[in-house]
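User: I'm new to reading protein models and would like to go through this one with you. Could we take it piece by piece?

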Amino acid sequence: MNATSTGPGEVISPGTPLVEISHLDKSYGAFKALEDMQFELRAGEVHVLFGENGAGKSTLIQIICGVQNYDSGEYRLFGETLTGLTPAVAHEKGVSIVFQEFSLIPEMTVEENLFLGHEITGGWRLAKSAMRAKVQSVLNRLGFKLDPAARVSTLRRAHQQMVEIAKALLWDCRVLILDEPTASLTDQEAAQLFDIIEQLRDEGLGIIYVSHRMPEITRLADRITVLRDGKYITTVNQADTSEKELVQLMTGRSFDSFFPQIARNPGETVLTFEDVTLQSGHAKNLSFSVRRGEVLGFAGLAGCGKSEVLRAAFGLEKIATGRITANGVALEKHNPRKALSSRICYFPSDRSTEGLAMHQSLTFNSTIAALDDPVFSRRKTLLNRRAERGFTEKMIDKLKIRTPGLTAKADQLSGGNKQKLMIARGLSREFDVFLFDEPTVGVDIQAKLEIYDVIKTLTEEGKAVVIASSELAEVMHMSHRVIVMREGRIVGELDGEAVTESAVLSHFFDHDNKSQAEEQHAS
Amino acid sequence: MTAIAASQQSRLGRVMKAIGILPVVLIITCILLALYEPRFLRTSNLINVLRNASFLAIISAGQMLVIIVGGFDISVGAIVALTSVSTALSMVGLSTIGIESAPLIVLLGCLAGLVPALVVGIVNGFFVSVMKISPFMVTIGTMTMAAGIAGYVTGGTPIYDMPELFTREIGRGRFLELPYIVYAAAIVLLALWYMQTQTRLGRYFYAVGGNEKASRLSGLNTRKYIWLAYILSALLAGIVGIFLTARVGSGEATLGSTLMLESISVAVIGGVALKGGVGRIQMVALSAIFLSVLSNGMSLARIDSKNHIIIIGLVIIIAVAAESYRENRRSRHV
């Protein structure tokens, strides 16, 4: 906040209010999304928006960047009172946003995506070389190693995220909004992003940062505005607050520990990998076993192959060599159908493309995997709609899914509730093994806790649970055993007390520390 | 050994990916045809093939634009018929009100003839982009209406008495040995190639089809581009209607009945993805030539015309299957 900034063409002194919102109301029908909201963003600060599902964070940032309009109240941008703002106008004025759901066109290249809607032209013609030069300069400035000509659909999620950020910063921008920017980044990539954010703050940008992750908030935030149920709660200075206080402000109640204590009762082995190598080459020579009554975690950087292991267990990856055994039966020519009948359940990380039928109702989604179960079908062909409804209602209750109703479509739900809906599906029939790939990506704290509770319940009921997560704290605290992967190989297995941050991290990066970690393991 | 085979295959695969499989198939088809039936290589036959390909290329170019923005235009065939009737009626009408100059009659007649096509395009675009109705249903509706109007106005009989300038010169005349329609197609293809590769407009068509929501968030007026695609498609179908009318020498309500299916086939064989956002005019042009060569070859081989459509149907399914196979392979590598 102490840096003197040089904005594009004009000097913005730190502390100047960029965005001022007061007494803002916004309703969708009878549902009040925002009520008497206030918010202020100053130049040269990182201002975190903090709140649960449906607290109104998304609505607020959408209003700020012109995607949504508001019913009443006042919104001043750069000292100017605005009405009828559109995304194009907001962008022109210098408001850029990085959405949580990617706003990239998969079939277009990085460069084409960056300039979408704002192409440089000479007359009618696109000035391609000028655009290429500009892309290179912004990528260099951000330190992103991306090929401007690469098609976005061929990039990993983390790289797609980088494209999103580069897109927001391609043009002179004074207000940058980041909605859960680290959701799909590894810790290393996230650290790189934080450096960039700090650099931009020092250049005098106002940054609105939406996140649920405490370490990020502690590291980046200057001020934090807490929202709850569409209402403004308070704005605090980061320096004057604590994690505990923030969580209390957000939830309106207190709780002591974040991760639940899960009792460990290792039972019989239900799933075994014996020297499995995948055809895709993303994972090699995997050997491990999964037991009832405990949580097995897979840790590693994004792209290390941990997701592929889970996918292989569910029959979504072809196996080149080796053997997967479930309940003592070898799974030849594995596929999801066989996995389901071997009582293996899988929750993908990408809920919108692999998880849910977005345009179908809650009921449809929660029972679709179990329609062959006599509970939901009559004489194997007709649907038992009453049983379906009953089950869905029970699940909404049990998992605390926040929804307008049973007939609501899956894409009307927020990230956390989508994940819970997937879990409901997993509970629709009897399973022994539950595979969670990134169980809490894009999920807020409250939903996270509820998902952790589900995992705890399942484990203590004697199910086998496997978690693959890029969030180190999550794998460490939720798992009884942790397998660390790097470049497609298992580089370490830690058990119980040996699961410490330094032990896991040493496996992440470096061969030399491996022996040291194994000593720890042995002791 | 398998590794070597695999790497060779992947090199072949890379080449295939760069130029696509279509040019190869086209060349092989031409060579086989030339060997089997030397008449294929006669100038008159080749010009014939090129003429058919030109009609197909223009109408398929419009279809391509609509598919790129994530839609479908079923009404193009009926637009051809409607334009044929409206063009013929306008020319007859213009001469009965006493306009003597044939060029003026032809010019005004063609422009007036395009008006119904424009209207259908605007209606299609409005319902798809603003009202958010399924393109399939909207264009089926307008197709039925356009065909109905064309049939009602003519009462089922062809309309004659158009200026000779139109039926003889434009319909059968040539410039440097080639029919005018070939030049018209060349102009349309070049213009669309320029648009697709060099202009914002072209890029926005891809963006809207690739991810409409993301495009809107990037500040694009997505409705405008979807709407525009339908209007362009209808106008290109109208142009084909005018040239076909000149060629057959009369306005007919049954003209172009096969073109709807053919235009979609050409687009799909040319690699335009039905999910939207993908498609290049060069490939559509090649695909139009390919389909024309194929029908021509079957005629030369005296295959019953009823069997043509069976084979063409087969080719379409193979093309779509190949496309989705490639798509699957690619997504697996990510």
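User: Which residue in S21(A) does A:Ile344 stand opposite?

Analyst: Keep in mind that this is a predicted model. S18(A) covers 344-347, and 4 bridges join S18(A) to S21(A), with the two running parallel. Across from A:Ile344, the residue in S21(A) is A:Val433.

User: Which strands of chain A stand at the edges of that open sheet?

Analyst: The sheet has 6 strands with mixed pairing, in the order S18-S21-S22-S15-S23-S24. An edge strand has a single partner, so one of its sides is left without a neighbour in the sheet. In chain A that applies to S18 and S24.

User: At about what angle does helix H9 of chain A run to S22(A)?

Analyst: H9 of chain A takes in residues 306-313 and lies across S15, S18, S21, S22 and S23. Neighbouring strands of the sheet are themselves turned by 15 degrees against each other on average, ignoring direction. For the helix against S22(A), the angle is about 145 degrees.

User: Is A:Arg343 buried or exposed, or something in between?

Analyst: A:Arg343 is in the loop between H10 and S18 of chain A, and its phi is positive, about 65 degrees, though it isn't a glycine. Most residues other than glycine have a negative phi. Buried takes 20 or more C-beta neighbours and exposed takes 12 or fewer. A:Arg343 has 18 inside 10 Å, so it counts as partly exposed.

User: And B:Glu177, is that one buried or exposed?

Analyst: B:Glu177 has a positive phi too, near 75 degrees, and its place is the loop between S1 and S2 of chain B. With 8 other C-beta atoms within 10 Å, B:Glu177 falls under the cut-off of 12 or fewer, so the word is exposed.

User: Which helix gives the most to the side of chain B that touches chain A?

Analyst: The contact takes 18 residues from chain B and 22 from chain A. H9 and H10 of chain B each supply at least two residues of chain B's side, which divides into 7 nonpolar, 8 polar and 3 charged. Giving the most, with 5 residues, is H9(B).

Methods. Residues are numbered from 1 along each chain as its sequence is written. Chains are lettered from A and ligands numbered from 1 in the order in which they are written. This is a predicted model: local features need pLDDT of at least 70, side-chain atom pairs count only at pLDDT 80 or more; totals for chains, interfaces and linings use all residues. Two residues are in contact if their C-beta atoms, placed from the backbone, lie within 7 Å. Ala, Val, Leu, Ile, Met, Phe, Trp, Tyr, Cys and Pro count as nonpolar, Asp, Glu, Lys and Arg as charged, and the others, Gly among them, as polar. Two strands pair if DSSP finds at least two bridges between them. Axes are lines fitted to C-alpha atoms, for helices over the stretch in contact, and angles run from 0 to 180 degrees between N-to-C directions.
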